[in-house]
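User: I would like to go through this model by question and answer, starting with its strands and ending with its domains.

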Amino acid sequence: MTDTFTPPTRFAVPGRIAVGNGTAGHWQTATLTEIRRETPRAATFRFAVPGWAGHLPGQHLMLRLTAADGYTAQRQYSIASAPDDSGHIELTLDHVEGGEVSGWFHTEARPGDRVEVRGPLSGFFAWPGDRAALLIGAGSGVVPLMSMVRHHRTRGLSAPLRLLVSARSPEELIYAREYGAETTPVFTRTAPPGVPVGRMTAAHVASLLDAAPPGGWEAYVCGSNAFAEHASRQLVAAGQPVDRIRIERFG
Ligand SMILES: Cc1cc2nc3c(=O)[nH]c(=O)nc-3n(C[C@H](O)[C@H](O)[C@H](O)COP(=O)(O)OP(=O)(O)OC[C@H]3O[C@@H](n4cnc5c(N)ncnc54)[C@H](O)[C@@H]3O)c2cc1C
């Protein structure tokens, strides 16, 4: 919990934000230890969570802020860091305009602040690292996919892995410095010289499916509702079996 969270005044009637009953685990204190800027709109927040039981790449958690008057706000966030035993986890948050929780993180949060987290949640979008993975994300939808890429690297996994990531511009490409040969970036508004500007197309997806390893890909798609819809249509059109497409929607 934190004593520095002040809800925006536009919330005339403070109230609790409902969460489904399907979530497991209990609330734990997470202490903010570091803030790293990723893009003008996104930053990574590192937390010490001494009791964290570990997670699989792709999983998310529930985060709760509590104001001095008891008002709470809770949101789901994907875990950006790879599983490790450091007792720390990292989240990467987009600054949503007028956003209550992301706004607090981007304007108020300081190292030493405490929040509460509960998780990890959702086994469906998890990638244990055992099968060939085709990752497709847009904007902050790349966050759970980056946990998979980092896991793949730190463990030296042999399962093939490819990442297709869409961003508005090179400046808005989250984790830009970390990508390697596994990644194909797509820019929708401005691109570096010589790189076409445009949405992810059937050709992007088809070339990755053409290069599928024996046994094919398990596809993981993450982003807004519109992007998830677009990407999964492209995958199906290119021949990816529907039952091997996992989708996480941030919308
Ligand atoms: C499983 C899951 C994982 C998620 N992981 C991440 C993550 O890793 N990083 C991340 O930045 N976000 C993630 N999100 C989104 C996150 O839960 C919040 O919705 C987001 O941070 C906005 O919350 P807020 O309190 O700042 O805005 P709110 O106060 O809830 O909303 C403010 C305004 O912005 C609109 N809005 C809300 N969310 C978005 C959005 N995502 N894009 C555009 N407009 C929006 C609302 O309609 C409203 O008008 C995830 C969501 C889910 C369901």
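User: What is the bridge partner of Leu63 in E6?

Analyst: This is a predicted model, in which local features need pLDDT of at least 70 and side-chain atom pairs pLDDT 80 or more, while totals for chains, interfaces and linings use all residues. Residues are numbered from 1 along each chain as its sequence is written, and side-chain values use heavy atoms, without hydrogens and water. Strands are DSSP runs of at least two residues, numbered from the N terminus, and two of them pair if DSSP finds at least two bridges between them. Strand E3 (residues 60-66) runs antiparallel to E6 with four bridges, and there the partner of Leu63 is Val117.

User: Which residue of E6 stands opposite Thr29?

Analyst: Strand E1 (residues 28-37) and E6 are antiparallel and joined by four bridges. Opposite Thr29 stands Glu116.

User: How many residues of strand E6 are buried?

Analyst: Buried means under 20% relative accessible area with a 1.4 Å probe, protein chains only. Strand E6 covers residues 114-121 and is mostly covered. Of its eight residues, the number buried is six.

User: How far apart do the C-alpha centres of domain 1 and domain 2 lie?

Analyst: The bounds come from an automatic or database domain assignment. Domain 1 is 26-119 and domain 2 is 133-250. Their C-alpha centres are separated by 24 Å.

User: Which side chain meets Glu172 in a salt bridge?

Analyst: A salt bridge needs a side-chain nitrogen of Lys or Arg within 4 Å of a carboxyl oxygen of Asp or Glu. For Glu172 the N to O distance is 3.5 Å, and the partner is Arg41.

Key. Buried < 20%, exposed > 50% of the residue type's maximum accessible area, 1.4 Å probe, protein only.
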